[in-house]
Amino acid sequence: MKKHDLVYLTEDASHDAAIEIINEEAFGPGRFARAAARIREQGQHDRSLSFICADNGETIASVRMTPVMAGSIKGHLLGPLAVRPSHKNMGIGRELVRIAVEAARRKGSEAVILVGDPPYYQPLGFEKVRYAALEFPGPVDPARVLVVPMAEGVHAGLVGIIGWRYDAAAHDGAETADIELALAV
């Protein structure tokens, strides 16, 4: 059995090419047509809240966080989350989600929102958003819109349009998470 030397790091520009390959493998060309992709097209993701997992120096998984306004809530959209096929079912995706959600909480985000499978994400602390409460810039299954609320009244505020928001701290290099967790598996 191959020994893995997994390290979780804050994303930086040197990871971009590998992340693109990982996302292509996971989602194919249809990933650009998704409603969440329409939001991510509106502006940059927050590198200080986006993370990769490397195995023996090779980037094998990533998660990105994009600042959004969701109704009246200042939050972050989690995704895409992708793991290379060679490393699936090792808990890497779950660990990346945990790290990203905790980083967003420390940064003061009011919520982390995503479109995903409830059975996968609910054990990680995600709850369903009220059916069709958020208007995405494209079709989305309202039963798959989930949130980790991090402030009072989040569910009540998640009503209306969701879209990218400018976050000065995400663009000036401030508050880099600097998470480097080495896990030997």
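Q: Which helices and strands each supply at least two residues of the lining of the largest pocket?
A: In this predicted model, the helices that do so are α1 (16–27), α2 (35–41), α3 (92–107) and α4 (118–121), and they are joined by the strands β3 (58–70), β4 (73–83) and β5 (111–115).

Q: And where does the largest share of that lining come from?
A: It comes from β4, which supplies 7 residues to the lining of the largest pocket.

Q: What volume does the largest pocket have, and which residues are the closest to its centre?
A: The volume of the largest pocket is about 1,100 Å³. Its lining is made of 42 residues, and the closest to the centre are Phe27, Arg34, Gly79, Pro80 and Leu81.

Q: How do the lining residues divide into nonpolar, polar and charged?
A: The lining of the largest pocket has 20 nonpolar residues, together with 11 polar and 11 charged ones.

Q: Back to Gly79 and Pro80 for a moment: what kind of peptide bond joins them?
A: Gly79 and Pro80 are joined by a cis peptide bond, with omega at about 0°, and Pro80 itself lies in strand β4. As background, most peptide bonds are trans.

Q: What about phi, which residues other than glycine have a positive value?
A: Asn56 is one of them, with phi near 50°, and its place is in the loop between β2 and β3. Ala132 also has a positive phi, of about 60°, although it is not a glycine, and Ala132 lies in the loop between β6 (127–128) and β7 (134–135). In general, most residues other than glycine have a negative phi.

Q: Changing topic, how many aromatic pairs does the structure hold?
A: There are 3 aromatic pairs in the structure. One of them is formed by Tyr120 and Tyr121, an edge-to-face pair with 4.8 Å from centre to centre and 75° between the planes. Another edge-to-face pair is formed by Trp164 and Tyr166, with 6.4 Å from centre to centre and 70° between the planes.

Q: Which residues do ring pairs link into a cluster?
A: The cluster consists of Tyr120, Tyr121 and Phe126, linked by ring pairs.

Q: What lies over the face of Tyr120?
A: Arg94 does, at 4.4 Å from the ring centre of Tyr120.

Q: Phe126 makes me curious about its other contacts; which residues does Val112 touch?
A: Leaving aside neighbours within four places in sequence, Val112 is in contact with Phe126, and also with Met65, His76, Leu78, Val101, Ala104, Leu146, Val147, Val148 and Met150.

Q: Where is Val112 found, and is it buried or exposed?
A: Val112 is found in strand β5, and it counts as buried because its relative accessibility is 0%. The C-alpha atoms of Val112 and Gly75 are separated by 5.7 Å, although these residues are 37 residues apart along the chain.

Q: Now Asp46, where is that one, and why does it count as buried?
A: Asp46 is found in the loop between α2 and β2 (51–55), and it counts as buried because its relative accessibility is 0%, where the cut-off for buried is under 20%.

Q: What does Asp46 touch?
A: Not counting residues up to four places away in sequence, Asp46 touches Met65, Thr66, Pro67, His76, Lys107, Asp167 and Ala170. Asp46 and Ala170 are 124 residues apart in sequence, yet their C-alpha atoms are 5.0 Å apart in space.

Q: One more, Ala54: where is its place, and is it buried or exposed?
A: The place of Ala54 is in strand β2, and Ala54 counts as buried because its relative accessibility is 8%. Not counting residues up to four places away in sequence, Ala54 touches Asp5, Leu6, Val7, Thr59 and Ile60. The C-alpha atoms of Ala54 and His4 are separated by 9.5 Å, with the two residues 50 residues apart along the chain.

Note on methods
Residues are numbered from 1 along each chain as its sequence is written. This is a predicted model: local features need pLDDT of at least 70, side-chain atom pairs count only at pLDDT 80 or more; totals for chains, interfaces and linings use all residues. Side-chain values use heavy atoms; hydrogens and water are left out. On a 1 Å grid over the protein atoms alone, a cavity is a set of points where a 1.4 Å probe fits but cannot get out, and a pocket is an open set with protein on both sides within 12 Å along at least five of seven lines; lining residues have an atom within 4 Å of a point. Grid points are joined across faces, edges and corners, and a volume is the space filled by probe spheres set on the points. Helices (H or I, at least four residues) and strands (E, at least two) are DSSP runs, numbered from the N terminus. Ala, Val, Leu, Ile, Met, Phe, Trp, Tyr, Cys and Pro count as nonpolar, Asp, Glu, Lys and Arg as charged, and the others, Gly among them, as polar. Buried means under 20% relative accessible area, exposed over 50%, partly exposed in between (1.4 Å probe, protein chains only). Contact means heavy atoms within 4.5 Å. Rings of Phe, Tyr and Trp (its six-membered ring) pair if their centres lie within 6.5 Å; planes under 30 degrees apart count as stacked, over 60 as edge-to-face and the rest as tilted. A charge sits over a ring if NZ of Lys or CZ of Arg is within 6 Å of the ring centre and within 35 degrees of the ring normal.
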